[in-house]
Amino acid sequence: MRGTVKPLWLTEMVAVWGYVQRNYFLTKRYFMWEVVWLVYVTMNAMAITFIGAGAGEFGARDATEFMTFLLVGALLWNYMSVLFDVLSETVSWERWEGTIEYTFMSPSSRVTHLLGMGFYAVVYGILQTALTLGVCYLFFDLDLSRANYGGALLVLAVASVSLVGFGIVAAVLPLLSPEKGQQVSYIVSSVLLLVSGVYYEIGVLPGWMQAVAVFSPVTYALEGTRDALLEGAGLAELWESIRVLLVMGVVFVPLGIFIFHLGERYAKRTGKLKRSG
Amino acid sequence: MKALELKNVDKSFKKRRGEVVRALDGISLSVGKGEVVGILGPNGSGKSTLVRVLSTLVLPDAGEVEVFGVDAVRHPKQVQRMMNRVSVEASFFKKLSAMENLLYGSKLYGVTSREARPRIGEILDNIGFDRKRATEPMEHLSRGMQQKIALARALLTSPVLMLLDEPTTGLDPRSKKDVQAFIRKIRTAHDSSILLCTHDMGEAEELCDRVGIMVDGKILALEKPDELKRRYATNGRVPDLEETFMAATGFSVEEASAEKE
């Protein structure tokens, strides 16, 4: 309000909270649909874990370990999908409602906007993944006797930074096309799914795919969480994954924001921000 | 210092078949501090593009746009702090309540819920909006009520420049009168400068200090309503604003809009 002068950092913090609260309100308004989605995600994770249970029939040495391996992949994959979905779906939603113009003409910075949405996505994703893990724990005889949950959470937290960077890149697409942009954003996640060893060891991939996997944060996130949950790896053993993820976070978040900035410039040059719904 | 100043602003859009539409063609205009300037024009005349350029949502191809002396293209964040906009479509999260939308909108300008709540109540009272309905989802409110909330959203950030893009189009007569009365109140009570784009002649004449006529991306005339009408007087008879528009453009607003469609 006129006359109320706050330091810039404080107005940006208020705006971050505005984005988080808005997404929370929207989630709350669609609560039953969120429950339906949670059921779907849980069943999906269970179906994948059952593949491990059935692997014993085909001569697998340790079905329990394989089940846990698959479940960690399914949970991390779901977590990453949540991050991407929240970011790109919110932009898509704003395009349909026409509120994107009001967001873009507000003085809050784009970094604040994207990180506010990213922060909400991380909290929402962790809650959903924890609930799914809880349900799966009841159904399967998982090998988590040596699990280092703290280490796994640390890896996940560090991985979230670079995944948010990727999510921001995916969110550019619905900005440019509210009709098809979000569907096209699945390309980003499907590439990560293919090369990162979500359901198999990277070693089974052709050489060129293994080369691509080196640049995927999901590769290191999986490596770290699996080591922590299956082997009980401590901080010293997890450090290599964490170090790479930290470097990726430093690179991918600014890169994602830069690409989003280019998309925004293009939309403003071509008049694409106009309401489409 | 002028509240708003545009010099030779051009904007063209490429259509799919390579066709180029010139939405703004050498637009120059200014709005003084505390002044209300109306832009009259049919659909497709470039009014909304003009508002979007001023709102920093569309980048101009050429020309200068300054808000209180600040270049809107080079320093959009500074300009965004000074202005707000109400458009023909009251764009909101329809599932969220009016209050939730208003609190969200105010936070983007650094205004906390604690600061915004009393101000929202005050504004809602001023526009004759029943406070109890502020907790209902936007989709349950009539278009007139949604438009009042859009005005409240803009006013909540205390803009020194208000951009109103057909704020009363499609409203029933009662809501239209309420919104127009509120615009008058904003002007007197909040010391805001206003650019009002409309195709309602009566609205322009009643609310604006100066009125411009815009057709095909060009402003043909921009004067006080009386002077504008006198300019197109024939045989000593001063036409009304609608006749003035026809004399200036060769079309009525409806014909010009139909031609565009």
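The legends below walk through several close-up views of this predicted model.

A few conventions first: residues are numbered from 1 along each chain as its sequence is written, while chains are lettered from A and ligands numbered from 1 in the order in which they are written. Because this is a predicted model, local features need pLDDT of at least 70 and side-chain atom pairs count only at pLDDT 80 or more, whereas totals for chains, interfaces and linings use all residues.

**View 1. The open sheet of chain B.** Six strands of chain B line up in the order β6-β7-β8-β3-β9-β10, with mixed pairing. Helices (H or I, at least four residues) and strands (E, at least two) are DSSP runs, numbered from the N terminus, and two strands pair if DSSP finds at least two bridges between them. At the edges sit β6 (83–86) and β10 of chain B, each pairing on one side only. From one strand to the next, the twist averages 15°. As a reminder, strands of a sheet pair through backbone hydrogen bonds, either parallel or antiparallel.

View 2. Strand β3 (residues 36–40) of chain B pairs with β9(B) in the parallel sense over 4 bridges, and B:L40 stands opposite B:I213. With β10 (residues 218–223) of chain B, β9(B) runs antiparallel over 5 bridges; look for B:G212 opposite B:L222. The two strands β9(B) and β10(B) form a hairpin with 2 residues between them, and B:D216 in the turn has a positive phi of about 50°.

View 3. Helix α9 (residues 241–249) of chain B touches β3, β9 and β10 of chain B, and its direction makes about 40° with that of β9(B). Axes are lines fitted to C-alpha atoms, for helices over the stretch in contact, and angles run from 0 to 180 degrees between N-to-C directions.

**View 4. Where chain B meets chain A.** The contact takes 29 residues from chain B and 32 residues from chain A, two residues being in contact if their C-beta atoms, placed from the backbone, lie within 7 Å. On the chain B side, α3(B) gives the most, with 4 residues.

**View 5. The largest nonpolar core.** This core has 154 residues, and A:L76, A:L83, A:L87, A:A121 and B:L195 have the most contacts inside it. A nonpolar core is a set of buried Ala, Val, Leu, Ile, Met, Phe, Trp, Tyr and Cys residues joined through C-beta atoms within 7 Å. Helix α3 (residues 63–97) of chain A gives the most to this core, with 17 residues. Not counting residues up to four places away in sequence, A:L83 touches A:A121, A:V122, A:G125, A:L163, A:V164 and A:G167.

How values were computed
Buried ≥ 20, exposed ≤ 12 C-beta atoms within 10 Å, placed from the backbone.
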